[in-house]
Amino acid sequence: MSLVKYNYRQIVDDIIGNANIVGKVCLDATCGRGNDSLKLLDKIGIKGFLYACDIQEEAINSTMELLKSKGYENFKLFNKSHTEVFDYIKEPISLIIYNLGYLPKSDKKVVTEADSTILSIERGLNSISKDGIIIVVSYLGHEGSFEERAALEKFLSQLEQKEYMVEKREFFNQQNNPPIVYLIGVRK
Ligand SMILES: C[S@@+](CC[C@H](N)C(=O)[O-])C[C@H]1O[C@@H](n2cnc3c(N)ncnc32)[C@H](O)[C@@H]1O
């Protein structure tokens, strides 16, 4: 794969591919159709464990179907908000992914929202392992997306630099507001 990426999936694949998560615990905080969940399970393997959540039952059913069809059993899905899912996870989490926005091929009015996204990331920062990483993919265009992006950037830009590393990866010469990927790591 080229070192320079042209879409957000390549960035996410690169991070997951290089992350130290084999046999570890991960969380897909917006599981949708289960594509990110499957990528994580393919990487962590059968000795790892995946938690995933979504507020829509349709998303949970899609993800369940996809992961079962690939033979995985080492996961647990929650039909709950990513603000609540941390109540059920007791282990440190090595990687958390947020793919913000709406469920593809579904109601575009059901979207992630600024306040709950920030609250969830705050909770994620308390649950992430010392060498862990949080990936946030942010899109623009749908209702509330500009407000969510602004709140996210304000929050991330104010994270204490002695404690956290925050990277923003964007496609500088692409038209029509391409997605931005934010990466958060814990400084040792
Ligand atoms: C862009 S989709 C996720 C795509 C997914 N990761 C995939 O690989 O198919 C965003 C998802 O976030 C979900 N969502 C919205 N608000 C949420 C919340 N508070 N907690 C968890 N999921 C939420 C939506 O229902 C939608 O399925």
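Let me begin with the conventions. The model is predicted, and local features need pLDDT of at least 70, side-chain atom pairs count only at pLDDT 80 or more, while totals for chains, interfaces and linings use all residues. Residues are numbered from 1 along each chain as its sequence is written, and side-chain values use heavy atoms, with hydrogens and water left out.

I turn to the sheet. Here 7 strands form an open sheet with mixed pairing, in the order β3-β2-β1-β4-β5-β7-β6. Strands, like helices, are DSSP runs numbered from the N terminus: E with at least two residues for strands, H or I with at least four for helices. Two strands count as paired if DSSP finds at least two bridges between them. β3 and β6 (164-169) stand at the edges with a single partner strand each, so one side of each has no neighbour in the sheet. Direction ignored, neighbouring strands are turned by 15° against each other on average; the axes behind this angle are lines fitted to C-alpha atoms, for helices over the stretch in contact, and angles run from 0 to 180 degrees between N-to-C directions.

Consider strand β2 (residues 49-53). Of its 5 residues, 4 are buried, so β2 is largely enclosed by the rest of the structure; buried means under 20% relative accessible area, with a 1.4 Å probe and protein chains only. β2 pairs in the parallel sense with strand β1 (residues 25-28) over 4 bridges, and Leu50 in β2 stands opposite Cys26. From β1 the chain crosses through helix α2 (residues 35-44) to β2 in a right-handed β-α-β crossover, that is, clockwise from the first strand over the helix to the second with the strands pointing away from the viewer.

β2 also pairs in the parallel sense with strand β3 (residues 75-78), over 4 bridges, where Lys76 is the bridge partner of Tyr51. Together with helix α3 (residues 57-69), β2 and β3 make a right-handed β-α-β unit.

For Gln56, a polar side-chain atom lies 2.8 Å from an oxygen atom of the ligand. His82 places a backbone N or O atom 2.9 Å from a ligand nitrogen atom.

Note on methods: Buried < 20%, exposed > 50% of the residue type's maximum accessible area, 1.4 Å probe, protein only. Polar contact = N/O pair within 3.5 Å; in protein donor to acceptor, adjacent residues only side chain to side chain.
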